[in-house]
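Let's take a walk through this chain, from the overall layout down to a few single residues. Keep the viewer open as you read.

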Amino acid sequence: MHQQKAYFAQVFDTVAPNYDQIGPPFHAAFGRRFVQAAELQPGARLLDVACGRGATLLPAAEIAGADGIAVGVDISGGMARVAAADARRRGLAHVTTARMDGEQLAFRAGTFDAVLCSAALFFFPDEERALREFYRVLAPGGLAGYTVYQRVEPDHEYAWMFEILARYQRPPGEPEPEPES
């Protein structure tokens with residue numbers, strides 16, 4: 001697993017300066033749409049795991065505002081640095097970024113009101129471990145939001161991922177599960 005993570009970090013460090021800068025900015029469009037769906041509130045404490053250039057982090061930080069906290073982490077230090085620079089250019093002084101493994105988040109339990117991860121779960125060698133970490137750092141009553149790519153027709157190649165995701169989703173109206181001890 002360590003070798004796979006090192007490989008992804010190297011690849012994304014290499015492409016960070018130009019990532020999502022060529023062609024249509026679809027990551028930015030998806031990020032804005034994801035943030036709208038998350039219904040974040042001003043003053044929110046939010047974490048974007050695998051933040052990349054900040055396609056989700058930056059619009060989320062705009063909603064959280066200066067009274068909120070917006071943290072972006074990525075296995076790629078290059079991506080985290082580019083996201084921080086983009087945040088500075090947009091005047092988002094309350095945004096911080098760090099190189100961090102999403103399967104081993106260096107935050108205390110219950111730190112964030114929202115934990116977001118856009119189109120990146122399939123990069124984690126252990127998706128379930130990552131999801132456990134997302135929920136560990138999430139405050140009671142907080143929002144864990146993630147997006148995944150899915151084709152219109154069923155994709156049996158990724159059925160395993162949707163089985164894992166189903167364990168972390170609850171039907172509308174079902175009470176929030178008690179945290180694991």
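This is a predicted model: local features need pLDDT of at least 70, side-chain atom pairs count only at pLDDT 80 or more; totals for chains, interfaces and linings use all residues.

Let's call a residue buried when its relative accessible area is under 20%, exposed when it is over 50%, and partly exposed in between, using a 1.4 Å probe and protein chains only. Residues are numbered from 1 along each chain as its sequence is written, and side-chain values use heavy atoms, with hydrogens and water left out.

Now for the overall layout. The chain has six helices and five strands, taken as DSSP runs numbered from the N terminus (helices are H or I with at least four residues, strands are E with at least two). Read from the N terminus, the order is α-α-β-α-β-α-β-β-α-β-α. Say that two residues are in contact when they have heavy atoms within 4.5 Å. Then, of the contacts between residues at least 6 apart in sequence, 74% join residues at least 24 apart.

Next, the sheet. Strands count as paired if DSSP finds at least two bridges between them, and the five strands form an open sheet in the order S3-S2-S1-S4-S5, with parallel pairing. Strand S3 (95–99) and S5 are the edge strands with a single partner each, so one side of each has no neighbour in the sheet. On average, neighbouring strands are turned by 20 degrees against each other, direction ignored. For such angles, axes are lines fitted to C-alpha atoms (for helices, over the stretch in contact), and values run from 0 to 180 degrees between N-to-C directions. Helix H3 (residues 57–64) packs on this sheet, touching S1, S2, S3 and S4, and its direction makes about 180 degrees with that of S1.

What about S4? Six of its seven residues are buried. On one side, three bridges join S4 to S1 in parallel; on the other, S4 pairs with S5 in the parallel sense over six bridges. Valine 115, meanwhile, has alanine 144 in S5 as its bridge partner.

Which residues have the most contacts inside the largest nonpolar core? A nonpolar core here is a set of buried Ala, Val, Leu, Ile, Met, Phe, Trp, Tyr and Cys residues joined through side-chain atoms within 4.5 Å. The largest has 23 residues, and Leu47, Val49, Leu105, Phe107 and Phe134 have the most contacts inside it. Strands S1 (45–49), S2 (69–74), S4 (112–118) and S5 (138–147), plus helices H5 (127–136) and H6 (159–168), each supply at least two residues of this core. A second, separate core of 19 residues includes Val35, Ala64, Leu92 and Leu116. Setting aside residues up to four places away in sequence, valine 49 touches several others, among them Val73, Leu105, Val115 and Phe134.

Last stop: alanine 119, in the loop between S4 and H5. Alanine 119 counts as buried because its relative accessibility is 15%. Beyond residues up to four places away in sequence, alanine 119 touches Thr147 and Tyr149. Its C-alpha atom is 9.8 Å from that of cysteine 51, 68 residues apart along the chain.
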